[in-house]
Amino acid sequence: LLFAINLTAGALGAVLALNILLYDAVHKAVPLSPLLMGACRLWVYVIAAAAGARGLNGWAVWCGLALALYVVGLSFVARVESTRGPVKYWPLLLLAAPMGLAFLMNTGAYREPALLLSLVLTFWLLRSLRPLLWSSPPNIGRAVSGLLAGIVFVDWLAVAHAPREISGVLLGLFLLALLGQRYVPAT
């Protein structure tokens, strides 16, 4: 279907499909497979931009990269849940990438909403990481569930300057993610 929109969107869709297949084939055996998961999220942003009216641009690539880094950090944490190894704390630094990028990319009138959403995401990260960092034993599943719901805030940062209606939709999606996790385990 993406090829019906344009050649770039179609080709990038094929790259995403191959990335997903590669991740599914090797994610249990390859220690760096969280990088593949992050790449999947990056490709979604890039494809959406390529299919959009403005086309592929640097904004979409940078926002996709911020989400990719967040997902890589999240995936490294989630990986410990299934491997039962020790928690590595360095990937938690990657969770801050969206806030750093929001600060660098948003200037003028766009800076204030981006900083406000960055603050919201920071509080959500602290809340989500509490079961991992300040519980004994660490509750990795609970932390990962919170981090997964936080993806909505990362997406929201990419459109921090959007109309209030978009913000309302994103807030609704965040609440829906939390509600869904009550019935379907996030991990």
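Predicted model: local features only at pLDDT ≥ 70, side-chain atom pairs only at ≥ 80, totals over all residues.

Visitor: How many helices and how many strands does the chain have?

Guide: One begins by listing the elements in order. The chain has 9 helices and 0 strands, and from the N terminus on its elements run α-α-α-α-α-α-α-α-α. The radius of gyration is 17 Å, close to the 16 Å that the globule rule gives for 187 residues, so the chain is as compact as a globular protein of that length.

Visitor: What does the C-alpha trace span along its principal axes?

Guide: The spans are about 50 × 40 × 30 Å.

Visitor: Among contacts between residues at least 6 apart in sequence, what percentage join residues at least 24 apart?

Guide: In this chain the figure is 64%.

Visitor: How should I read the surface and the charges?

Guide: The accessible surface of the chain comes to about 10700 Å², and carbon and sulfur atoms account for 70% of that area. As for charge, there are 12 positive and 5 negative side chains, with the centres of the two sets 9 Å apart.

Visitor: And what of the interior?

Guide: In soluble globular proteins, nonpolar side chains tend to be buried together. Here, buried residues make up 40% of the 187 residues in the chain. The largest nonpolar core has 38 residues, of which Tyr70, Leu95 and Leu132 touch the most other members.

Visitor: Which helices each supply at least two residues of this core?

Guide: They are α4 (58–83), α5 (97–105), α6 (111–133), α7 (140–149), α8 (151–158) and α9 (164–183). Helix α4 gives the most, with 8 residues.

Visitor: Which residues does Leu95 touch, not counting those up to four places away in sequence?

Guide: Leu95 touches Tyr70, Gly73, Leu74, Leu125, Leu129 and Leu147. There is also a second, separate core of 9 residues, which includes Ala9, Cys40, Leu42 and Ala68.

Visitor: May we close with a single residue? Does Ser167 count as buried or exposed?

Guide: One compares the relative accessibility with a cut-off: buried means under 20%. Ser167 counts as buried because its relative accessibility is 18%. This residue lies in helix α9. Leaving aside neighbours within four places in sequence, Ser167 is in contact with Trp156 and Ala162.

Conventions:
Residues numbered from 1 in each chain as written. Heavy atoms only, no water. Helix = DSSP H or I, 4+ residues; strand = E, 2+ residues; numbered from the N terminus. Rg over C-alpha atoms; globule rule 2.2 N^0.38 Å. Buried < 20%, exposed > 50% of the residue type's maximum accessible area, 1.4 Å probe, protein only. Contact = heavy atoms within 4.5 Å. Areas by Shrake-Rupley, 256 points an atom, 1.4 Å probe, with all protein chains shown as cover. Lys, Arg positive; Asp, Glu negative; His and termini not counted. Charge placed at Lys NZ, Arg CZ, Asp CG, Glu CD. Core = buried A, V, L, I, M, F, W, Y, C linked by side-chain atoms within 4.5 Å.
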